[in-house]
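Please look over the sequence and structure shown here before reading the report that follows. The notes take up the charged pairs, the metal site and the helices in turn.

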Amino acid sequence: MFPSKVARAAGSGGSVPVECCQVCGHAPLETVLTLGYMPPVNQMVPVGEVPRQQPWFPTTLLHCEKCELVQLGLAVDPVIIFPPEYPYTSGMTKVLRDNFAELYAESSKMLGLGKNDLIIDIGSNDGTLIGNFQKGGHRILGIEPTDVAKIANERGIPTLQSYFSKEIAGKVKAKYGAAKVITAANCFAHIEDIHAIVEGILEMLAPDGVFISESHYLIGLLDRLQYDTIYHEHLRYYSVGSLAHLLRMHGLDVFHARPIPTHGGSIRVYAARRGTRPVQASVKQMLDAEPRGEAMRKRLAAFRNDVMLSKLRLHALVRDIKEKGGRICGISAPSRASTLVNYVGLDEAIVDYVCEIQGSLKIGKCMPGTLIPVVEESRMFADQPDCAIIFSWHIADELAPKLRAKGYKGMLVTPLPVPRAL
Ligand SMILES: [Zn+2]
C-alpha cells in the first residue's frame with residue numbers, strides 16, 4: 001500500500017533524489033519546474049567570515065499524475081536544513097500570531113474542548129500556536145527539534161526537544177496519555193517519510209481525537225506565483241485533494257478544510273478517524289475548485305512560464321535603477337527570500353543589504369548563497385536607499401505603511417507575483 005522506495009535522507013549527511021511519489025509510490029514523476037541549485041536557506045554565514053565550501057542542492061518541482069501530489073525532487077538530510085541553531089521564531093510575525101489565536105478560537109468552539117484535554121503541537125517552534133491552548137486552560141505539549149525549544153520552555157511552554165517519530169509518539173503517549181487534538185502547522189509538508197509521521201500521529205491521537213494541519217496551499221502558490229516558497233524544507237506542496245488522499249491511506253477523513261492567510265495563502269485541514277465526525281460542506285467546496293488531471297498539467301505548465309517571465313521582469317526593474325546609479329536594499333529575510341535572491345541572481349553588487357527588525361537572529365549574517373549582509377532596519381531610514389525590495393512581499397500590505405510611517409521615502413517594490421512599485 002505504501003511506497004517501497006521512499007527517499008530517506010535522514011542520516012545520509014547529504015541528499016537523496018525523490019524517484020517515486022512520496023505518498024503513493026508512483027513513478028516516474030513529471031518535472032514541473034527547475035530553479036537551479038540552491039543553498040540551504042537557514043545556514044547563514046556570519047558577515048565578514050571568509051566564504052567556505054557549502055552544499056548546493058538541485059531544486060526541481062515534480063508532479064505525481066496518480067495522486068496529484070506536487071513535491072520536491074530532492075530530500076535533504078534534516079540535520080542540514082533544520083540545524084539546531086535554526087534562526088526562525090514564529091512569534092515574530094503578526095499574521096502568524098493572529099492566525100494561531102484564530103485556530104484556537106475556531107477549533108476549541110467546533111470541537112468543544114474540555115479543560116483536561118491534551119493538545120500536542122508537532123514542530124511547535126517557540127510555542128506561539130500551542131500557547132493559545134495553554135491560555136485556554138488545556139494541557140499542552142510541544143515537540144520541537146531545534147534549540148528554539150529552549151526559548152519555548154523558558155516562556156513556560158512545556159516542550160520536548162526532539163525530531164518527531166513513531167518511537168517518540170509512543171513515549172509521549174505513555175507519559176502524557178492520548179491527545180484530543182494534534183496540530184502540525186507548517187511542518188506537515190516538511191518532514192520526510194510522511195507515512196511514518198501519520199502513523200506517529202495516530203499513535204498519540206485519542207479514538208475521538210482530531211488532527212489539524214496547516215500547510216502552504218499549492219493552488220495559492222500557483223495563483224500568486226509563489227515559486228519563492230519552493231526550497232528544501234518544503235518537500236510537499238499540498239492541495240486539499242492530495243492531502244486528503246494521503247490521510248485516507250491511514251483511515252483518516254478530512255471533515256473540514258478552509259483557506260487561511262498565512263505565508264501568502266495556506267490551508268487548514270481537520271481530519272479524524274473515519275466515521276467519527278460528519279464531513280462538512282467546506283471539503284467538497286474546496287475539492288471542486290481544485291484542478292486535477294489534464295487541467296492540473298496545463299496549470300503547472302503555465303506556472304513554469306510565468307515564473308521565468310517574472311524573473312526577467314524583475315531584472316528589467318532592477319536594471320533601470322542600477323543604470324541610474326541607484327542603491328537598493330531588501331526588506332526582511334524570510335527563508336523564501338533565499339530562493340528569490342538565488343533564482344533571480346541578486347547579489348551584494350545589486351543589493352546593498354537586507355533589513356530585519358531589531359531582535360532578529362538573522363542580523364549580522366549573510367543572505368544564503370550571497371554576501372548580502374542582513375542588518376537592523378534603522379539603517380535604511382538613516383541612509384534612504386533609492387529602492388527597497390520587499391522580500392516578505394506576501395505581507396507587503398502590513399509592512400509598507402509601517403516603513404512609510406518610520407520615514408522611508410524611496411521606492412517600495414514588491415517582487416511577486418508581478419514586480420512593481422507600490
Ligand atoms: Zn502520488
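Arg-297 is partly exposed, with a relative accessible area of 32%. The model under discussion is a predicted one, and in it the side chain of Arg-297 forms a salt bridge with that of Glu-30, with a nitrogen-to-oxygen distance of 3.1 Å. Because Glu-30 belongs to strand E2 (residues 30–38) whereas Arg-297 belongs to helix H10 (residues 294–323), this pair ties together parts of the chain that are 267 residues apart in sequence. Glu-30, for its part, has a relative accessibility of 24% and also counts as partly exposed.

## Other salt bridges

Over the whole structure, a search finds 24 salt bridges. One of them joins the side chains of Arg-8 and Asp-193, at 2.8 Å from N to O. Since Arg-8 lies in the segment before strand E1 (15–17) and Asp-193 in the loop between strand E9 (179–185) and helix H6 (194–204), the pair ties together parts that are 185 residues apart in sequence.

An α-helix has 3.6 residues a turn, so residues three or four places apart point the same way. Lys-94 is partly exposed, at 40% relative accessibility, and Asp-98 is likewise partly exposed, with a relative accessible area of 40%. Elsewhere, a network of salt bridges links Glu-102, Glu-106, Glu-214, Arg-258 and Arg-268.

## The zinc site

The zinc ion is coordinated by the SG atoms of Cys-21, Cys-24, Cys-64 and Cys-67, at 2.2 to 2.3 Å. The angles subtended by the 4 donor atoms around the zinc ion run from 100 to 116 degrees, and the arrangement is therefore tetrahedral, a class that requires all angles to lie between 85 and 135 degrees.

Along the sequence, the donor residues follow the spacing C-x2-C-x39-C-x2-C. Cys-21 and Cys-67 are both buried.

## Helix packing and burial

Helix H10, which carries Arg-297, has an axis that comes within 10 Å of the axis of helix H11 (residues 335–344), and the two cross at roughly 75 degrees. H10 and H11 are therefore roughly perpendicular to each other. On the H10 side the contact is made by Val-307, Met-308, Lys-311, Leu-314 and His-315, and on the H11 side by Leu-340, Tyr-343 and Val-344.

How much of helix H6 is buried? In H6, 8 of the 11 residues are buried, so this helix is largely enclosed by the rest of the structure. The buried residues of H6 are Ile-194, His-195, Ile-197, Val-198, Gly-200, Ile-201, Leu-202 and Met-204. The loop that carries Asp-193 lies between strand E9 and this helix.

Methods:
Residues numbered from 1 in each chain as written. Predicted model: local features only at pLDDT ≥ 70, side-chain atom pairs only at ≥ 80, totals over all residues. Heavy atoms only, no water. Salt bridge = Lys/Arg side-chain N within 4 Å of Asp/Glu carboxyl O. Helix = DSSP H or I, 4+ residues; strand = E, 2+ residues; numbered from the N terminus. Buried < 20%, exposed > 50% of the residue type's maximum accessible area, 1.4 Å probe, protein only. Donors = N, O, S within 2.8 Å, 3.2 Å for Na, K, Ca; no water. Tetrahedral: all angles 85-135°; square planar, octahedral: opposite > 155°, others 65-115°. Axes fitted to C-alpha atoms, helices over the stretch in contact; angles between N-to-C directions. Parallel < 35°, antiparallel > 145°, perpendicular 65-115°, else oblique. Contact = heavy atoms within 4.5 Å.
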